[in-house]
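Open the model in your viewer and keep the selection panel at hand. The stops below say what to select next and what is there.

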Amino acid sequence: MRHLDYVAAADANAALQRLSAKPQEAAPIGGGTNLLDLMKLHVQNPAVLVDINGLPLSQVREVEGGGLRIGALVRNSDLAQHPLVRERYPVLSEALLAGASPQLRNMATLGGNILQRTRCAYFRDVSQACNKREPGSGCAALDGYNRMHAVLGVSDKCIAANPSDMNVALAALDASVHVQGLKGERSVPFIDFHLVPGTHPDKESVLQPEELITGVTLPASGFAARSRYVKVRDRAAYAFALTSAAVALELEGTTVKAARVALGGVGTKPWRSKEAEAALVGKPADEVHFKAAAEAALKGAKPRTHNAFKVDLARRTLVRALSLTAGIA
Amino acid sequence: MDTSVGKPLGRVDGRLKVTGGAKYSAEMPEEGVVHAVIVGSTIATGSIVSVDVKAAKAQPGVLAVLTPDDAPKLAADPVKKQSPTDMVVHALQSRKVQYQNQPVALVVADTLERATYAAALVKVKYRAGKPKVDVKAEQPRAYKPKQINGKPADMDQGKASTDKAAATVDATYVTPYEHHNPMEPHATLALWEGETLTVYDTTQGVFGTRARLAALFGIPPESVRVVCKFVGGGFGSKGSPWSHVVLAALAAKAVKKPVKLVLRREQMFSQVGFRPETQQRLQLQAREDGKLLLVKHDTVSCTSEFDEFVEPSGKSTRMLYASDRITTSHRLVRLSVGTPTFMRAPGEASGTFALESALDELAVKLKMDPVALRLKNHADKDPETGHPWSSKSLKECYRVAGDRFGWAKRDPTPGSMKDGRTLLGWGMATATYPTLRSKASAKATLLPDGTARVLAGSHDLGTGTYTVMTQVAADALGLVPAKVKFDLGDTRMPETPVSGGSQTAASVGSAVKKASLALRDKAIALAVADPGAPLHGVPAAQVTVENGVLVSGGKREDFAALLKRKGLASLDAEASAEAGPEKDQYAMHAFGTHFVEVRVDPDLGEVRVSRCVGAFGVGTVLNAKTARSQLLGGIVMGIGMALMEETYLDPRSARFMTQDLADYHVPVNPDVPDIDIIFVPESDPHVNELGAKGIGEIGITGVTAAIANAIHHATGRRIRSLPLTLDKVLATS
C-alpha cells in the first residue's frame, strides 16, 4: 500500500520544515474537506500529510485602522458568524453561508477554502484527460460536459471554474493573503493570489509548495458594510454556484462613489471586475447603469456548449446583487 | 379490542435504526472477512487486450487479483437468464467490454484500504470501439421490443373518431438519465461453507438473488441462503442481482474466505442500472368541449448492447383517460451503456410527465380549466381492458385536493399571479399506479409466553414492512402489536416476491393475515376441544380473541395458558396468498392528484416549489404514519426529478460524468415545502385480503408535470425536457 506519513506540526516552523523537505510530495491539511475527498479519488496523492491544526492560526482580530486579520485555520462557520464580519463585511458572511453544508463549514478552514480545487468532473475522474491534474494530457472538458465551467479567464488548456464562494467575497473586499515560507513572510493581494490557467492549469496560485497560508487581512473600508452576496444555483442549498456576485457600494445620495465587484461560478479564478467598477463609479445607482456594469463585467466571456447560459445569467446576477446592495430591489 | 391497522404506529425498528443497532448487509459481523474492490473499465465498447496485475499482486495483504484470464468459471452462462427480470451480469467471464466502468478485474485483500490501493495499480490494455451514445441519433435503428412488462409494446385501443378536432397537441417530451442513488450503496458479503453459499446482500429480492446465484454456481437453491435484514433505499436498483453480487461469491470461492464487496458511489452510476433517457411524442386531439378523440403516445428509450429493459412510458396512457382512440408504442435503441432498470414508477413517472404536460397544453388551447378537462375525460371503466375498476376515487381526489389548495382562486392567465416581483404558478396533474400482487407465504407461531412470532422472507426498504406486518398480524391474532415480533429478510423464511411494483404490503400482508388467522383458528380449535378446558364445547365461531385472551361470554383462556395446558412449546400455521379470479374481472389501480405552487424568480429563473397538496385513493391505509411517509418520499423524489435530477453521459466516451452526490442533485430540505397529503377514504373488497393498494410509487407519478405546468402558469414558458433547470426557464423567454 502507498506509504503515507502523517505529521502533526507543533508550530509554523516545524510545518514548513516538513513541507520543504519534500515540497512535491507533502501537503498541509487543515479541515481536510477537499484534500481527503481528492485523495480517495486518487486525484491528489501526497506522501506526507502535515497537519497544521495545532498552529495558532484560529484567531480573528482587529488590526490598527479598523481592518480584520483572520487566521488561516478559522473555520468557515466561525468566520461567517463572527460579529465583526457580520457587521463590517456582510458579503463575506453571506458568501460563507451560501457555500457547502453546515457539516462541511464546521470543518473547512479559511486557508483551505482559498485553495479549494475545482469541481470539474474530468479533473476528478482520473480516467479522463486533464491538464490541471496531469499536465499535457489534454482537456476533456473543452468539448465535454461543461455546464458548470468558467467563461472568464479561460484558455484552450483549461476552463475549470474556481468553486469557492468565500473567494468571491474576498476578491471584492481587497483582501490580502499572508504567506509564510522558511525564508520569511510575504503578503499578496488576494486578486493576484490565484492564477488563470493559461498554458499551465496545474499552477493555480502564487503559493509555492513549501509555503503556508497563515491568514488574510481585510482592510478597513467605509463601504464594505454595504455589501451583498448573491448566489444562483440548481437547488436551494448545498450546490455550487452557477453564477454568483459579491458587491460592495459606497453611495453619495443616489450616485455611486466607489464600488467593488467580484463574480463567482464564471471565472477560472475568483473574478474581480474592475471593468464593472469603472462603469459604476460616478453614475446613478439605477438599473440602467447596473446593466451597463454587468455588460462590462462579462465582456470577453468565452462560453462553451453547455455553459453559454452563464453569460447572461451572470449579468442578471450582478444586477440583482447591485440592486440589493443599493437598496433598490 | 382496538385494532392496530390504520393507526400511525411508530416504526417497530425505529429505535434500532437511530441507535445504530440495525445491521445492514455490509455490517453483518463475520469472522475473518476480507475485502474486494472492483476495477472498472475506462472504455465503453471493445475488448480487453491484457491485464497487468503484477504491481497489484505484489502489494502486502493482497490475496487475489481476478481477471478474465483466471477468474473461476461460472457453471452457467451469465448472459442467460433464469427469470425475465434477471440482469445480464459481467463477472469476468469474457474479455468483452460493453459499458464504461464494467468490472474488468477484482482485487481481494485483507483490508479495504489495501484492496482499494491495489485496484488502482491494475493496468488494463483495451482495444476500443466507437461507442453508441445518442438516443436521437440511433432512432433510425430503433427496434420494437417483444413485450413491456408482459404486455404488447404497441397497442391500438378504440377507433378513430369522426368528430372534428377543435384543438390538437403534438409535442415531444424528453426525460434524462437518472440514477437511483439510495443512501446505502450496494453491498454483498459472501461466504462458502463447502458447497453451501451464504450471501448477505442489500437487495429487494432475496429469493430472486438465491435463484440466480444457485443457477450461476450450479448448486441447488437450498444450498444458497440470502439474508437482508435492512435496506437503505433501493428504488428499483436492488431488484435483481448485478455483477458485484456474483463477483463477491466468485471471489469468496477463490480465496476461501468471506468476502465483502461494497460499491463506491461512482460505481453506482454505472453498474447497477438507471432510468433511461426517453423521447416521448405525445399527440392529442380534442373536441371543443374537451372530449378526447385521440391520444397517441410514442416512446423511444435506450437499452444496453447486451440486455433489454424497456421504460414503459406509455403504460399509464393506456388506462388513465377515456378517449375514442388511444395508441401507444415503445421502441428501443441499443447504446454502449449498462442496462437500465426499474426506477421508482418505471414508465409511470416518465410517462406521466409527457401525458400530463400535454393535457395541460391542451387545456390552455381549449381555454379550459385543467381539472375540468380531466373530469371531462374521466375513465369510468378501464380503457385498456374494458373492466370495471375495483375502486376509484379520482374525482374525489381532485375535489378535496383542489379545495385544500384553493384552486378556485387561480387566474389561468400565465404570469398573472405574483408576490412582489416573484411569479407564482399553480399547476396540477393526475397520479396513478397499478395495484399489483404476487404469491407470498408467511408463517405465524404462538410462543409459550403468549406472544407471537411471524415470519415472511420479505424486505423492508425503509418503507415500514416490519411495522405494518406487525400490525396486520396483531389484528388477525387478537394481540397488541407489542406482543408480535415480525421478522423478514431471509430465504430460510417463507417465500415472498421481490419488493418492487409497490406490491409488498398487498402480497406479504395478505399472507401474513391468512397465516395469522389460521393460527388463531387453530388455537381456538384447541381451546374448545378438550373436556375440562375453560372454553370446552363452545362453538369455535363464538370465540373471539382479545388482547391474547380467547373469550366467549364469561369463559376465557389466554394463549399462554392454552399452550401450557397442552404442553406445547409452540403452535404454528403457514399460509400462502395470491390473486384469484378477481384479477381478470376488475382493473386495479391507485389514483391521486397533485396540486403545486411554484415561485419563480423572473430575473434569475430559479424555481422553488412553495406548496404541494396531494390527495390519494389507495384503499385501506395500513399505517397512517408510514403511508404518509411513502407518499412524501415519492413526492420529494418527484420534485427532484422535476427540478434537478440528471446524469450526464459524455457523448465521446459513453461515460456517465456525474459521479457523486454533490453533482447529482436530489432535493435538500429547503427545496421541499410542507407537503399536505390527504387520504381519500376508499374501501376496495377486490384487490386483496387487506383492501390495500400499493403506495410506494404513486407519489412520484405526475409530480414532474404538475411542476412543469405550474412553471408554465407562472411564466408562460412550456419546458418539455426534464430537469426544469433555470437555464431552460430563462432560455425560452
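How do H10(B) and H11(B) lie relative to each other: roughly parallel or roughly perpendicular? H10(B) and H11(B) are roughly parallel, because angles under 35 degrees count as such, over 145 as roughly antiparallel, 65 to 115 as roughly perpendicular and the rest as oblique.

Before going on, note that this is a predicted model: local features need pLDDT of at least 70, side-chain atom pairs count only at pLDDT 80 or more, and totals for chains, interfaces and linings use all residues. Residues are numbered from 1 along each chain as its sequence is written, chains are lettered from A and ligands numbered from 1 in the order in which they are written, and side-chain values use heavy atoms, with hydrogens and water left out.

**Stop 1: a helix pair in chain B**

Select residues 465-477 and 504-529 of chain B, which are helices H10 and H11. Helices (H or I, at least four residues) and strands (E, at least two) are DSSP runs, numbered from the N terminus. The two helices pack at an angle of about 30°, with axes 8 Å apart. Axes are lines fitted to C-alpha atoms, for helices over the stretch in contact, and angles run from 0 to 180 degrees between N-to-C directions.

Now show side chains. On H10(B), the residues in contact include B:Met469, B:Val472 and B:Ala473. Their partners on H11(B) include B:Val508, B:Val512 and B:Leu517. Contact means heavy atoms within 4.5 Å. By class, this contact has ten nonpolar, four polar and two charged residues. Ala, Val, Leu, Ile, Met, Phe, Trp, Tyr, Cys and Pro count as nonpolar, Asp, Glu, Lys and Arg as charged, and the others, Gly among them, as polar.

**Stop 2: another pair in chain B**

Go to H5 (206-217) and H6 (243-255) of chain B. Their axes are 11 Å apart, at an angle of about 50°. That makes H5(B) and H6(B) oblique to each other. Their crossing is right-handed. B:Thr209, B:Leu213, B:Leu216 and B:Phe217 of H5(B) make the contact with B:Val245, B:Val246, B:Ala249 and B:Leu250 of H6(B). Seven of these residues are nonpolar, one is polar and none is charged.

**Stop 3: a helix pair in chain A**

Switch to chain A and select H12 (287-298) and H13 (309-326). The axes come within 9 Å and cross at roughly 140°. H12(A) and H13(A) are therefore oblique. H12(A) passes H13(A) in a right-handed crossing. Among the residues in contact are A:Phe290 and A:Leu298 of H12(A), and A:Leu318 and A:Leu322 of H13(A). The contact has eleven nonpolar, one polar and four charged residues.

**Stop 4: two residues of chain A**

Pick A:Val216, in strand E8 (212-218) of chain A. A:Val216 is buried, with a relative accessible area of 0%. Buried means under 20% relative accessible area, exposed over 50%, partly exposed in between (1.4 Å probe, protein chains only). The C-alpha atoms of A:Val216 and A:Val177 are separated by 4.6 Å, though the two are 39 residues apart along the chain.

Next, A:Phe223 lies in the loop between E8 and strand E9 (227-232) of chain A. A:Phe223 is also buried, at 9% relative accessibility. Leaving aside neighbours within four places in sequence, its contacts include A:Ala248, A:Leu249 and A:Arg260.

**Stop 5: backbone details in chain B**

Select B:Leu722 and B:Pro723. A cis peptide bond joins them, with omega about -5°. B:Pro723 sits in the loop between H14 (703-715) and H15 (726-731) of chain B.

Then find B:Leu92, a residue other than glycine with a positive phi, near 60°. B:Leu92 is buried, at 2% relative accessible area. B:Asn547 has a positive phi of about 50° and is not a glycine. B:Asn547 counts as partly exposed, at 45% relative accessibility.

**Stop 6: between the chains**

Finally, show both chains. Chain A and chain B bury about 3,000 Å² between them, 55% of it on carbon and sulfur atoms. Buried area is the accessible area (1.4 Å probe) that two parts lose on being put together, summed over both. The contact takes 34 residues from chain A and 36 residues from chain B. Highlight A:Met1, A:Arg235 and A:Arg320: they supply 23% of the area that chain A buries against chain B, more than any other three residues.

Methods: Left-handed = near helix turned anticlockwise from the far one by under 90°.
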